[in-house]
Amino acid sequence: MTRSGAVPADVHRARHRSLWSDGVEQPEREPLRGDLSCDVAVVGGGITGLTVALLLAEEGLSVVLVEQHRLVAGTSGRTTAKVTSQHHLTYARLLLSRGPQGPATYGAAMEASKERVVELADGIDCDLRRRPAYLYATRTPERLLVEVEARAARGAGLPASLTDDVPVPFATKGALRFDDQVELHPVRYLVGLAERFERAGGRIFEHTRATDVEEDSTHCRVRTEQGALRAGQVVVATLLPFLDRGAHFARAYPSTSYVVTARVRGDLPDAMLHAAAPPTHSIRAVPFGDTELLMVLGESHHTGSGKATPARYERLAAFATDHWDVVSFEHRWSAQDFTSDDGVPYIGAVNWRSRRVHVATGYKKWGMTAGTLAATLITGAIVGRANPWARFFAADRLHPLAEGVRFATENGKVGLRFVAGRIASGRGDVADLAPGEAAVLSDGGERVAAYRDPAGVAHVVSATCTHLGCAVAWNAAETTWDCPCHGSRFAPDGDVLEGPATVPLAPR
């Protein structure tokens, strides 16, 4: 029962799409046809790609952006859109791993990037508003973590304070509060940046998947399925670089989170909130039409895990109905992101030998701020403008003390997943699958990924991820095939939804 005593709303009746794409129209751009030349080629139409493309175009460079699906259709269109320097328990960890300069550099960069978003949003109708951000504790041990984080954040010069007044309808042990943070509508914001980019002379091609980047001493060549881009510089602004030459697939690990929105009776928080410890929920209110909805994110797990089931939405719905008077659930969706081994985004040259290919990844679910920072740093590198933060975030950095334990742990798990996927039995027959059911089966000695859709049509593809050969796993919450090793995701027909894979699963 809900707090009002009524029958709980069914979260599975909610629209299975991101709130941010609900009701927002944007023109569909044509795919690339043939070869082009430009100063800079940008791969990826999310927060990083669109921001860096705009900044470079406004520097007077000719810029072409390619996106494998539609603009803002990936993680940037599925975020909670908190533009903040309060990134969970970040500053205390940086103090230990990088010394006093670590949290100071990270905090200054994220605060500046937050304000850069405000500047870029000027003139764009994107529901931007200032709100405080809270990291709240629900148990006494969590309060101790919050206090340690508060000391590190204040030492870094951030607008941080401890408070016992937390605007949520359940008991807490206080919170760390960051003042003057920002929230907005990410799709409207990024569509606005895209329009500004095109007015500045930039060109956008959708439905154009990049498959490789070649680099020599004079230029780069971005290969796509429809043609090639010859460019002096290339920015790979995909969620995880599809180029393996920087080994970022082994230095950042993927996770999936779930989001629901709900129409509720009563007041909603006038703040952005995040739990300090599991079960970790991220909470905010969001304008939608003529009302405000409650938004709750949580239920995170490693991508490709068997935990990817519809029950994730049900648990989020239970949390919402336990604490708010829910009338109905309006939306449900999931999002994926990558976290670097040391908790700091990788931004810069793809590796120590490269001078023309730039990448950005590992935003650990704070992409609106970190993606804007990446665009600023990469723009500076391309136009020759030095930035004191660049080395701290460098994509080719090595910090064994900060990265070593996580690197060993995560790559050990990858090895286990790879072996487990090869030795699993895969028994069964496609004909036995009921509508809506999926399984990895054996067909003539080959492992295949089979799904029978609600209409009864079977979709059978190779079960081997085209990135590095791990076996894919079924995501029942989103009806996709997900790679548990490095986070590639595929549609039931094998099409690539998210990289690092660039080649679809072969039909069988």
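These legends describe close-up views of a predicted model.

**View 1. The second largest pocket and its centre.** The second largest pocket holds about 400 Å³ of space. Its lining is made up of 25 residues, and those closest to the centre are Gly-348, Ala-349, His-358, Ala-381 and Ala-390.

**View 2. Elements around the second largest pocket.** Two or more lining residues come from each of β16 (346-349), β17 (357-361), α7 (367-383) and α8 (390-393). The most is given by α7, with 5 residues. By class, the lining of the second largest pocket has 12 nonpolar, 8 polar and 5 charged residues.

**View 3. The crossing of helices α2 and α4.** Helix α2 (residues 91-98) and helix α4 (residues 140-155) have axes that come within 7 Å and cross at roughly 65°. Angles of 65 to 115 degrees count as roughly perpendicular, and α2 and α4 are therefore described as roughly perpendicular to each other. On the α2 side, the residues in contact are Tyr-91, Ala-92 and Leu-95; on the α4 side, they are Val-148, Glu-149, Ala-152 and Ala-153. The contact of α2 with α4 contains 6 nonpolar residues, 1 charged residue and no polar residues.

**View 4. An aromatic pair between Tyr-258 and Tyr-313.** This pair is one of 11 aromatic pairs in the structure. Tyr-258 and Tyr-313 are arranged edge-to-face, with 5.3 Å from centre to centre and 90° between the planes. Tyr-258 belongs to strand β11 (residues 252-265), while Tyr-313 belongs to helix α6 (residues 311-323). The two residues are 55 residues apart, and their pair links distant parts of the chain.

Notes: Residues numbered from 1 in each chain as written. Predicted model: local features only at pLDDT ≥ 70, side-chain atom pairs only at ≥ 80, totals over all residues. Heavy atoms only, no water. 1 Å grid on protein atoms, 1.4 Å probe; cavity = no way out; pocket = protein on both sides within 12 Å on 5 of 7 lines; lining within 4 Å. Points joined across faces, edges and corners; volume = space filled by probe spheres on them. Helix = DSSP H or I, 4+ residues; strand = E, 2+ residues; numbered from the N terminus. Nonpolar A, V, L, I, M, F, W, Y, C, P; charged D, E, K, R; others polar. Axes fitted to C-alpha atoms, helices over the stretch in contact; angles between N-to-C directions. Parallel < 35°, antiparallel > 145°, perpendicular 65-115°, else oblique. Contact = heavy atoms within 4.5 Å. Phe/Tyr/Trp six-rings, centres within 6.5 Å; stacked < 30°, edge-to-face > 60°.
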